[in-house]
Amino acid sequence: MEFTEEQIVAGIRNRKNDVFIYLEKKIRRPIIAHVTLNRGTDEDADDCYNDSVIVLIRMVDKRDFKNTCKISTLLFDIAKKIWLQQLDRRGPAAKYKIRHNEDTIVQQDDNELDQPLFEKIFDECWKKLTRECRLILKSYMKGMSGEEMADLFDYKTSTIRKKKCNCHSTLKEMVHNHPDYRRIKRDEDI
Amino acid sequence: MTGADKYSQRMADYIYGDMDASERLVFEKELKTDEKLARDYHNQLKIARRIKEKIEIEETIDESELAEADRLVNKHREQFPEDFIVTDEDRANHQAFMSISGRTGSLRRIIYPLAAAAAAVIVGILIISNVQSADQGSRLYIKYYDPLEDARFVKRSAGGQEYKKLHQALYLYWEGEYSTADKLLTELTSSHSEIDEAILFLGLSKMGEGNISDAVIIFNNYLSDSDKYRYEASWYLSLCYIKTGQSEKARDLLLDLTSINGDLGKDATKLLKRLDKLN
């Protein structure tokens, strides 16, 4: 069942379960992805989702609330902020744990680029990549094999592998040469 | 290939899973001992993770609205910072509140207070179990549903115009553009009902759009007419049934699938166990 934005707002204000279930179906998955891909566990993701719904209810309950964007998008943005809050709270403790965990393959960079800023930089560079590059990298991330991609794009598997490498390098170079990225890194070196 | 090119190739191969097991072991050993390599890997992994996240976001969120959402949330946060503080008590209250639907209406009109209280408790328990069951069905659906990514469906695209259309629709489906894929496949299946792939992916596109009831009709009709993609159609139909609370129908389909070899059989077995635990 689909709801209009007005029905969703009314449903939230009247605490209608079918509206919350609808929102969950629509937006839970990207929120889970955002949290688990940014240093969170499945449990963290669940908590973040639930907390975000509470905050959304508080926002929508305000008499002068006007939704100038989709409620699902609003919920996603709230979740990102909630998660960032959580990461900030954990920051010092997490760094202590990582420094003392000898099994860790990846060492956290103490001066890690601010997450929203990184996302902004990434998104700008992503748009500049060629369509083919975006599709190839996304296909890899979706778990498609080299052979499947070779069929899809009509290339040899060795070509796909080379293109993936070139596309990733291009994206990486764009990100690392982005003025905001360079400025932050330069300031850290001072 | 220069040294720098080889380095980049190795890094990208590891990040995107293009190394075999022995190459991976060697690389992981180097990551533990080479700090520069580890730092570089971490920085580049961020990029790969962001791509993964983008896939999830693009399939669900209107990115053009993100900036406006951000503005709204920031504005609200400035005016009401306390709204962004969620305590354990808030969580417990929210959980209890959400378990009972419709706080207004008929509950107020019950005449005898004791009978009213008892009826409210019974109704509440029934509603909680229904809502929990619907919630749990939704959760199982979300956990097990993945779009069907399989390039073997593309191999017949070398055929006539209808297969070119099919290929175009599949491409749109894999891009997450379910509504456009739906339109193309609806046109295609109306004139070429013999193309199994078109019908299967029409059902899948409906699922992608959230139109579960239409997807159920399409998969059921397909299964009564054709055997070619029986397993795929049964799997996705079972997910639709789980989503709509029709566990028995889902169970029948999954039971059939547990006997097949491969990932689908394994997934069906796992899902069946989860379903049995719920009921």
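**Entry 1: the cover over a helix**

What covers the buried residues of α3(B)? I should say at once that I am reading a predicted model. The cover includes α2, α5, α6 and α8 of chain A, together with α1 (3–15) and α2 (21–33) of chain B. I then listed the buried residues of α3(B): B:Tyr41, B:Gln44, B:Ile47, B:Ala48, B:Arg50, B:Ile51, B:Glu53, B:Lys54 and B:Ile57. I also checked the length of helix α3 of chain B, residues 35–60. At 1.5 Å a residue, its 26 residues should span 38 Å, and the end C-alpha atoms are 38 Å apart, so the two agree.

**Entry 2: the side of chain A that touches chain B**

Next I looked at the contact from the other chain. It takes 58 residues from chain A and 56 residues from chain B. On the chain A side, α2 (17–36), α3 (42–61), α4 (71–99), α5 (115–128), α6 (131–141), α7 (146–153) and α8 (157–176) each supply at least two residues. Which helix gives the most to this side? I found that α2(A) does, with 12 residues. By type, I noted 26 nonpolar, 11 polar and 21 charged residues on the side of chain A that touches chain B.

**Entry 3: chain A by itself**

I counted 9 helices and 0 strands in chain A. Buried residues make up 33% of its 190 residues. Among contacts in chain A between residues at least 6 apart in sequence, 61% join residues at least 24 apart. I also stopped at A:Gln7, which is found in helix α1 (residues 5–13) of chain A. A:Gln7 is partly exposed, because 15 other C-beta atoms lie within 10 Å, and the cut-off for buried is 20 or more. A:Gln7 and A:Val19 are 12 residues apart in sequence and 8.2 Å apart in space, C-alpha to C-alpha.

**Entry 4: two sides of α4(B)**

Which residues of α4(B) are buried? I have B:Ala69, B:Leu72 and B:Val73. They cover an arc of only 95° around the axis, so they sit on the same side of α4(B). An α-helix has 3.6 residues a turn, so residues three or four places apart point the same way. On the other side of α4(B), I found B:Ala67, B:Asn74, B:Lys75, B:Glu78 and B:Gln79 exposed.

**Entry 5: a loop residue**

I followed chain B on to B:Asp83, in the loop between α4 and α5 (88–98) of chain B. B:Asp83 is partly exposed, with 18 other C-beta atoms within 10 Å. Leaving out residues up to four places away in sequence, B:Asp83 touches A:Val55, A:Arg58, A:Met59 and B:His76.

**Entry 6: confidence**

Last, I looked up the scores. The model has ipTM 0.73 and pTM 0.50. The mean pLDDT of chain B is 80, and 81% of its residues reach 70 or more. Where in chain B is confidence lowest? Helix α6 (residues 113–144) of chain B is lowest at a mean of 59, while helix α11 (residues 230–243) of chain B is highest at 93. Over residues 100–120 of chain B, pLDDT stays under 50, and the model has 11 contacts beyond four places in sequence for them. A reminder to myself: where pLDDT is low, the predicted coordinates should not be read in detail.

Definitions and conventions:
Residues numbered from 1 in each chain as written. Chains lettered and ligands numbered in written order. Predicted model: local features only at pLDDT ≥ 70, side-chain atom pairs only at ≥ 80, totals over all residues. Contact = placed C-beta atoms within 7 Å. Helix = DSSP H or I, 4+ residues; strand = E, 2+ residues; numbered from the N terminus. Nonpolar A, V, L, I, M, F, W, Y, C, P; charged D, E, K, R; others polar. Buried ≥ 20, exposed ≤ 12 C-beta atoms within 10 Å, placed from the backbone. Arc of directions from axis to C-beta. Expected span 1.5 Å × (residues − 1). pLDDT = per-residue confidence, 0-100.
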